[in-house]
Amino acid sequence: MMVETNAGAQPAKLRKLIFQLLFGAICGAVGMGGALWVLDQQQGLLQEPGRLLAVGTGLVYLLTGLLVLAGVLMPGFGVRTLNVEDADEIQEQRTALIVGACAFVLVALFLGALVLAPAGGNLFVLTRGQSALLAGASAVALVILTLRYRHTGDELKREIGRDACSWTVGMLFLLLGGWGAAAQLGYAGAPDPLTLIAGLFALYLLAVFIAAGQRGMLKPR
Amino acid sequence: MENRVKERREQAGWSQGELARRLGVSRQTINAVETDKYDPSLPLALRMAKLFGQPVDQLFLDAWEPQE
């Protein structure tokens with residue numbers, strides 16, 4: 001195989017980047033709008049910050065996971081939406097992409113089960129038992145998937161995973177420590193459980209983006 | 001760390017994908033090494049050196065010198 005040439009590559013990369021941004025924005029807007037509309041039908045739920053954070057975070061995980069899965073199953077679509085050079089790269093990374101996408105969907109299911117659980121006096125879509133079952137099954141599946149495929153991916157991926165964990169812990173100390181201190185001093189209310197859980201997943205997602213960006217993996221290819 | 005991986009790869013006439021395949025890593029790893037965003041592990045650096053037929057210190061450049 002010969003080296004690739006760069007002639008004409010920059011406009012194509014720019015077109016792909018614009019398409020990715022627009023597509024992501026449209027999917028995000030439609031997904032978030034739809035979820036908020038559904039939640040709005042349930043009185044009082046939109047006033048809970050933790051539930052809103054969980055909905056937003058869960059949707060990002062769900063949409064990302066589904067887009068990656070769609071990209072793997074339809075390489076022609078994946079070349080346009082994923083940050084890969086060509087369809088061959090999708091094939092090369094197939095297992096890692098599918099495992100990552102499934103993990104993201106499981107996180108979304110876990111958060112979704114908690115969001116749809118009864119809160120206080122409000123009875124929502126799921127009963128407490130159904131929510132616990134769905135959240136528990138998602139969590140167990142996520143742990144099994146993570147352990148089973150923990151060696152999937154090469155050393156760069158493992159390095160990014162370590163960096164992301166390091167960033168997550170740092171941000172947790174800063175945000176959670178700061179919030180806890182403020183709550184202890186009476187300057188803020190204590191965080192509710194759903195805020196803690198959704199915040200943890202949101203921070204990890206942010207940390208992954210930071211770590212991947214530091215390694216040049218968010219640069220258009 | 002500055003390196004000559006891209007230069008050597010292009011001299012060999014290989015794409016990033018081809019080099020990645022020969023080394024058993026992802027293209028993203030090759031890309032990150034070539035753009036100085038990631039220093040490979042010692043085993044990968046040794047494999048690269050072996051593949052290009054060069055000592056590691058000619059492939060990966062380090063200006064550090066021991067002090068007297």
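Contact, throughout this briefing, means heavy atoms within 4.5 Å. Welcome to a predicted model, in which local features need pLDDT of at least 70, side-chain atom pairs count only at pLDDT 80 or more, and totals for chains, interfaces and linings use all residues. Residues are numbered from 1 along each chain as its sequence is written, chains are lettered from A in the order in which they are written, and side-chain values use heavy atoms, with hydrogens and water left out. Let us begin with one residue and then look at each chain.

**A look at B:F60**

- Leaving aside neighbours within four places in sequence, B:F60 touches B:M1, B:E2, B:N3, B:V5, B:V33, B:P40, B:A45 and B:M48.
- B:F60 sits in the segment after α5 (56-59) of chain B; helices here are DSSP runs of H or I with at least four residues, strands are runs of E with at least two, and both are numbered from the N terminus.
- Is B:F60 buried or exposed? B:F60 is buried, with a relative accessible area of 7%, where buried means under 20%, exposed over 50% and partly exposed in between (1.4 Å probe, protein chains only).

**A look at B:D36**

- B:D36 belongs to the loop between α3 (27-34) and α4 (42-52) of chain B.
- With a relative accessible area of 38%, B:D36 is partly exposed.
- The phi of B:D36 is near 60°, a positive value in a residue other than glycine.
- For background, most residues other than glycine have a negative phi.

**Chain B as a whole**

- Chain B has five helices and zero strands, giving the pattern α-α-α-α-α along the sequence.
- The radius of gyration of chain B is 12 Å, close to the 11 Å that the globule rule gives for 68 residues, so chain B is as compact as a globular protein of that length. This radius is taken over C-alpha atoms, and the rule is 2.2 Å times the number of residues to the power 0.38.
- Along the principal axes, the C-alpha atoms of chain B fill a box of roughly 45 × 25 × 20 Å.
- Of the 68 residues in chain B, 49% are buried.
- Among contacts in chain B with a separation of 6 or more, 54% come from residues 24 or more positions apart.
- Chain B carries 10 positive and 11 negative side chains, and the centres of the two sets lie 12 Å apart. Lys and Arg count as positive and Asp and Glu as negative, without His and the chain ends; each charge is placed at NZ of Lys, CZ of Arg, CG of Asp or CD of Glu.

**Chain A as a whole**

- Chain A contains eight helices and zero strands.
- The C-alpha trace of chain A spans about 65 × 35 × 35 Å along its principal axes.
- Of the 221 residues of chain A, 33% count as buried.
- In chain A, the mean positions of the 15 positive and 13 negative charges are 2 Å apart.

**Where the chains meet**
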